[in-house]
Amino acid sequence: MLHESAEPASHFMTKEQLQAIPNLGCFCMCVTAGLLESSMRLKPHEAQSYRKKALWVSWISIVVTLILAVAAFTVSFMRHSASAFGFAFDATLDVLSSVIVLWRYSNAAAVHSAHREYIACVVLGIVFVLSSLCILGKAIHDLATRVPPEVDDFLFSVSIVSGLTCAVLAVAKFMLGRVLTSRALITDGFNSLVGAIMGFSILISAEVFKHHTDVWFLDGTIGVLIGLIILAYGVKLLKDMVPRVRQTRNYERFE
C-alpha cells in the first residue's frame, strides 16, 4: 500500500537532470538536422500527397521540356539563334533537374529528408554551372562572329509555346517547393522560370531584329545574361548546400 504523502512521479526531467545527460545537445541537433521544416507542419498523409504531386509535375516537366529542347535546338541551328540555343540548353537542364527531383522524392520514407534534399541541390548546382558555361560559350561565339538571327513563323511558334509552358511549370514547382520546403523543387522551378524568360526573349529579339537589323547583337547579349544568371545561381547553390551535406551525412541513412 502506497503512503498517501508520497509525491507522484514526474513525467518531465528537471533542468539539472537534462544537463546531466551527456551529449544531449548533440543528440537534439542530430534529430533536427535531418528533417525539413515541412516535417513539423504537414501530416503524414499530406506530405505523401504533395510528394506524389511533385513526382507528377516532374514527369510532365521531363516530357514537355524534352520536346521543347529538341524543337529549340532545331531552331538554333537552322536560324543561328543564340537565345534559342540558350533556351534549348536550359530545357535540357530542366529535364535533368526534374530527373533529380524524381530521385529526391522517389523514396516515400525520405519525404522530409534534409540529407537527400541537400544532395539533390548539390547535383543541381553542378549541372547549372556546366550548362551555363555551354550557353555562355555559344552566345559569346555568336557575338564575336556577328551572327544575326533569322526570323520565321517556326521561331515564333517555338518561343511562344516554350514561354507559356515553362511559366506554368515554374508556378507549379514553386508552389510545391514552398509547401514541402524543398530547395530542390524551388531550384527546378527557377530553371523553368528562366526557360520561360528565354522563350519570350527569342520572340522579343527576333521581332526587334526584324525591324532594326542593326540590333543584331540583342539575341547574343540575352544569351550571355541568361548564362551568367544560371552560373551565379549554380555557384550560390553549391556554396550553400555542400557544407549542409557534410553536416547531415552521419545523421541519416536512406536507400
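Rings of Phe, Tyr and Trp (its six-membered ring) pair if their centres lie within 6.5 Å; planes under 30 degrees apart count as stacked, over 60 as edge-to-face and the rest as tilted. The model is predicted: local features need pLDDT of at least 70, side-chain atom pairs need 80 or more, and totals for chains, interfaces and linings use all residues. Numbering starts from 1 along each chain as its sequence is written, and side-chain values use heavy atoms, without hydrogens or water.

**Exercise 1. Aromatic pairs**

Task: State how many aromatic pairs the whole structure holds, then classify the pair of Trp 216 and Phe 217.

Solution: 
- Step 1. Searching the whole structure gives 4 aromatic pairs.
- Step 2. For Trp 216 and Phe 217, the centres are 5.9 Å apart and the planes make 85°, so the pair is edge-to-face.
- Step 3. Take burial next (buried is under 20% relative accessible area, exposed over 50%, partly exposed in between; 1.4 Å probe, protein chains only). Trp 216 has 15%, so it is buried. Phe 217 has 39%, so it is partly exposed.
- Step 4. Ring pairs also join Phe 128, Phe 190 and Tyr 233 in a cluster.

**Exercise 2. Helix packing**

Task: Describe how H6 packs with H8.

Solution: 
- Step 1. Two values describe a packed helix pair: the angle between the axes and the distance between them.
- Step 2. Axes are lines fitted to C-alpha atoms, for helices over the stretch in contact, with angles from 0 to 180 degrees between N-to-C directions.
- Step 3. H6 (residues 114-144) and H8 (residues 183-211) pack at about 25°, with axes 8 Å apart. H6 is therefore roughly parallel to H8 (under 35 degrees; over 145 is roughly antiparallel, 65 to 115 roughly perpendicular, the rest oblique).
- Step 4. List the contact (heavy atoms within 4.5 Å). H6 gives Glu 117, Ala 120, Cys 121, Leu 124 and Phe 128; H8 gives Arg 183, Ala 184, Thr 187, Phe 190 and Asn 191.
- Step 5. Sort by class: 6 nonpolar, 2 polar and 2 charged residues (Ala, Val, Leu, Ile, Met, Phe, Trp, Tyr, Cys and Pro are nonpolar; Asp, Glu, Lys and Arg charged; the others, Gly among them, polar).

**Exercise 3. Two single residues**

Solution:

How values were computed
Helices (H or I, at least four residues) and strands (E, at least two) are DSSP runs, numbered from the N terminus.
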